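Biologist: Before we talk, could you put the sequence and the structure up for me?

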Amino acid sequence: METVDYLGTARKRLPILIGLPVLAALVATVVVLLTPPKYAVTTYVAAPALIGGVAAQQFSGQQGANQFVAAFSAAATSPKVIDQVAADTGVGQDELRDGVEVKQVGASSQLTLTFTGSDRATVAPVATSMTGRALTFLFASQVDVATQQVAAAEADVTAATKKITDWETANKVTQPDKLFQATLAEQSNLRRQELEMSAVGNTKGASAAKDALEDNEKRLNDIGPKLPGYQALIAQRDASTNALANAQQGLQAAKAQVGAADPKSVSSTGEVVSDSKLSALAQTVPPVAGAGLLIAVLLIVLLEIVRRPTAPFDGSIPSPRREKEPASV
């Protein structure tokens, strides 16, 4: 059986075995040293007042914190926010998208926004602008929606009130429901007066009371059939008024959330840090040199396989080896 002299092969291929890893390490070193430095800054966002609490809040329930972080991360890279931050800082949109990273702090509602860029002077303004724009995007839009709801409710109240005014003008009566109740109450008094005057013999007073009763009866007969339509208009106005009150309450809640999401109050930006070249070399060069060594070994094995001649086949089949028979005594 042919044996392989690994040490001899290694000595013979020593230039490849050493040169390839050294070359890979040199190339990696040059690339790291020539790569422009990267600068990073982290903004810390802590806004517990925006999470949980009443059900009307935007992020509530057991998943409120996770939903807030996910929504903030999506808002930070949304086209609208990216456009605004690019206009604020002059940094390209592609660099903004590639350089931002949002992480949740544990399982809390607190988060960090880290931006990494090539210009030390712009990374902090970008992180600050992106945080503020994302918070505004999340909560100011709720104010816009609530404002629209208030405006719609006010329009409904105005329309319902106008219908009531038009009805009163057409029927030449104001507040017929109250007039109807007052007329009913007056009827009771007039009947009592009629009876009392008749009892004392005051026929003239009894007759006047009777005439007044007849007039009131005509008024009741005239107003009564119209009351259901009028009361329907009143109910419509009351419903619109309640809707307006709810919309105004929602607007107040939305404005409170915007106040609680003030970037100056809930966020803080740290110091700008840069990548260490020594750290980058330590993280890059050893793995690259190791990969170069592995490639060198595989290349040497391939060269040995290619250069080793193969013995020609002479057509003979080796006979099976027989075991020696024990010597006879």
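Modeller: Ground rule for the labels: helices (H or I, at least four residues) and strands (E, at least two) are DSSP runs, numbered from the N terminus. Counted that way, the protein has eleven helices and five strands. This is a predicted model: local features need pLDDT of at least 70, side-chain atom pairs count only at pLDDT 80 or more, and totals for chains, interfaces and linings use all residues. Residues are numbered from 1 along each chain as its sequence is written, and side-chain values use heavy atoms, with hydrogens and water left out.

Biologist: Why is L14 called partly exposed?

Modeller: Buried means under 20% relative accessible area, exposed over 50%, partly exposed in between (1.4 Å probe, protein chains only). L14 has a relative accessible area of 39%, so it is partly exposed. It lies in helix 2 (residues 14-34).

Biologist: Which residues of helix 9 are buried?

Modeller: L227, Y230, L233, I234, S240, L244, A247, L251, A254 and Q257.

Biologist: What span is expected for helix 9 (residues 227-260), at 1.5 Å a residue?

Modeller: The expected span is 1.5 Å times one less than the number of residues. Helix 9 has 34 residues, and 50 Å is expected; from first C-alpha to last it reaches 49 Å, which is close.

Biologist: Where is confidence lowest, and where highest?

Modeller: pLDDT is the predictor's confidence in each residue, from 0 to 100. The mean is lowest in helix 1 (residues 6-12), at 66, and highest in helix 4 (residues 79-89), at 94. The protein averages 80.
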